[in-house]
Amino acid sequence: MRAHGIDWHVAELDQGDPIPEMEPFDALWVMGGPMDVWDVAEHPWLIAEKRAIRHWIKHIGKPYLGLCLGHQLLADALNGTCGPQRPAEVGIRQVSLTEAGQNDTLFAGLPAQMNVLQWHGVQVAQAPEGAEVLASSANCPIEAMRVGSNAWSMQFHVEAEEDTVANWAGIPAYHAALVETLGADGLGAFQAESDACMDEFRTCSRIIFANFLKQMQ
């Protein structure tokens, strides 16, 4: 965004930031986090976040992009359902674009199969009414979706950087999922696989970002 001269505002709801007046913005991104969509007692700001997502999609109608928790929140806010991911997906996994995904503007220029970074124990179990499933994997049928003509979301992490695995391994909830899925000594292998795929991750993210910008024109 900096390279394209785009201004942005970050609202860290888990740190107490308020949701700003949304109408002046051109796009909404909702990112990930270790909490689950139903953890509203522990994280009451999730209620306002879902309300804001629903308002953005139904009334503002500008482009939306959700990643991981943002994928699940989109489904939950629009009367889809989420449930446990068994087994949890942690590590470098492969996702496949569906026929709809291969023809979707957001994924234009991407291969039909991609290596991606996964770190989630919840999945979208049922997409909202009118959604198109854009990508799937062996253990998670709804890895990406589009709702209507302006909202996209992905369960996997196209925003992964060189230090993502190490940073997230320091978050207790993420670390527990890593150990449960990959074992106590799994971090090193995870980091090595991530390093080996970093060029692919970077290319994928840049293509998706460029495609998303076209939706704002």
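Tutor: F212 is buried, with a relative accessible area of 2%; buried means under 20%, exposed over 50%, and partly exposed in between, computed with a 1.4 Å probe on protein chains only. This is a predicted model, in which local features need pLDDT of at least 70 and side-chain atom pairs count only at pLDDT 80 or more, while totals for chains, interfaces and linings use all residues. Residues are numbered from 1 along each chain as its sequence is written, and side-chain values use heavy atoms, with hydrogens and water left out.

W152 is likewise buried, at a relative accessible area of 2%. The ring centres of W152 and F212 are 6.4 Å apart and their planes stand at 80 degrees, so the pair is edge-to-face. Here, rings of Phe, Tyr and Trp (its six-membered ring) pair if their centres lie within 6.5 Å; planes under 30 degrees apart count as stacked, over 60 as edge-to-face and the rest as tilted. Distant parts of the chain are linked by this pair, since W152 belongs to strand 7 (residues 151-154) and F212 to helix 6, 60 residues apart. Helices (H or I, at least four residues) and strands (E, at least two) are DSSP runs, numbered from the N terminus.

The structure holds seven aromatic pairs. Another of them joins W29 and F209, which are edge-to-face with 6.1 Å from centre to centre and 90 degrees between the planes. W29 lies in strand 1 and F209 in helix 6 (residues 186-215), so this pair ties together parts that are 180 residues apart in sequence. F209 counts as buried, at 16% relative accessibility, whereas W29 is partly exposed, with a relative accessible area of 33%. Taken together, W29, W152, F209 and F212 form one aromatic cluster.

Of the 217 residues in the protein chain, 46% are buried.
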